[in-house]
Amino acid sequence: MKIAYIAAGAAGMYCGSCLHDNTLARAMLDLGEDVILVPTYTPIRTDEQDVSHGRVFFGGVNAYLQQHVPLFRYTPRWLDKLVDPILNGPAFLNLVSKRGASVDPAKLGGMTVSMLRGEEGHQAKEVDKLVDWLIDEAKPDVVHLSNSMLLGMARRINQRCGPPVVCALSGEDIFLEKLAEPHYSEARRLLRERAAEVAAFTALNGYYADMMADYLSVDRAKVHVVPHGLDLEGYDGDRSGGGRPVIGYLARVCHDKGLHVLVDACERIAGEHDFVLHAAGYLGAADRPYLDALQRRVDRGPLAGRFAYHGELDRGQKLAFLHSLAVFATPTVYRESKGLPAIEALAAGTPVVLPEHGAFPELVAETGG
């Protein structure tokens, strides 16, 4: 079977969805399946071998220009063939991403709606380029969309008598619920409309399958649970520690992921227990004030001298970090749909303490972690 797996790049950060998509594609390739991992918006970033296709479709710069400058919606295909290798080139997109591409839902409502409108949206040209490539060149037996924000592509694939379309569900409601009106209501309407045009959905756990079946108004029987998986190489490393126990946080550093909740919890027990708190993960420019405020709080309180932020980690650093922990905690303030860092901690032999919401109770119960 030939599978075209359409993944969404995350503007240069290590993203749980990108890591999952790349690991899954690699595993299927190792099993002998014919898989093409196709990046959209930006190149994907992973801490394992990157198996994604070299061409980026729906480049973020092109999508932005077509949203805000009408002229770019109507340029001829011959001109696009000259310009796209530059605007959609991995080097250029990575450079733009490093300069702080916005992922703020309050600023992206119009583009979100337009993307969900697919062949009727401002980026219709980009939809046609991708679908033409899929149908005429790649010729897959199935197209797998990595999240429901890509559902705008499905109708044109169906109109071209293309292969069945399957869509993964991977936490996109967190972004959608922050959209402002009128974009929020329109995005929800379009999601329900376009969801009816795909053959099936996948989710990483029963919680999110149930929640998104209702959210998208689709039959729960169409949503298939395919649990998370990891490449376990390196996870059986040395856990022989020493010194003070380490409580660890590994996730993007932002309010949603709940580092402030963990700081609060650690401050409450700091007088009774001797430990240190170590945090790691991607920090975007917009979230720098959040971390700075936490650091000031720590410096004035019972955790003074007991907190350290280690920045973004590559795979080797991540494994060493997880093996160094006495306990792992990432207390998200939203209902978690994936929980990849918690699964990585368990794979490294580190017990987890997690909120009793979203996918976490199911994860802990099924793993015994």
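**Pocket, helix, chain**

I looked up the second largest pocket: its volume is about 400 Å³. A pocket here is an open set of points on a 1 Å grid where a 1.4 Å probe fits, with protein on both sides within 12 Å along at least five of seven lines. Volume is the space filled by probe spheres set on the points. Of the 26 lining residues, Tyr5, His20, Leu24, His144 and Val226 are the closest to the centre; lining means an atom within 4 Å of a point. Helix 1 gives the most, seven residues. Helices are DSSP runs (H or I, at least four residues), strands too (E, at least two), numbered from the N terminus.

The model is predicted: local features need pLDDT of at least 70, side-chain atom pairs 80 or more, while totals for chains, interfaces and linings use all residues. Numbering starts from 1 along each chain as its sequence is written, and side-chain values use heavy atoms, without hydrogens and water.

Next I checked helix 10 (residues 206-216). Eight of its 11 residues are buried, meaning under 20% relative accessible area with a 1.4 Å probe, protein chains only. Among them are Tyr207, Tyr208, Met212 and Tyr215. Their cover includes helix 9 (183-195) and helix 15 (360-367). Just after helix 10, serine 217 has a positive phi of about 60 degrees.

Last, I took the whole chain. I found 15 helices and 10 strands. Buried residues make up 53% of the 369. The C-alpha atoms fill a box of roughly 65 × 40 × 35 Å along the principal axes.

Technical notes: Buried means under 20% relative accessible area, exposed over 50%, partly exposed in between (1.4 Å probe, protein chains only). Contact means heavy atoms within 4.5 Å.
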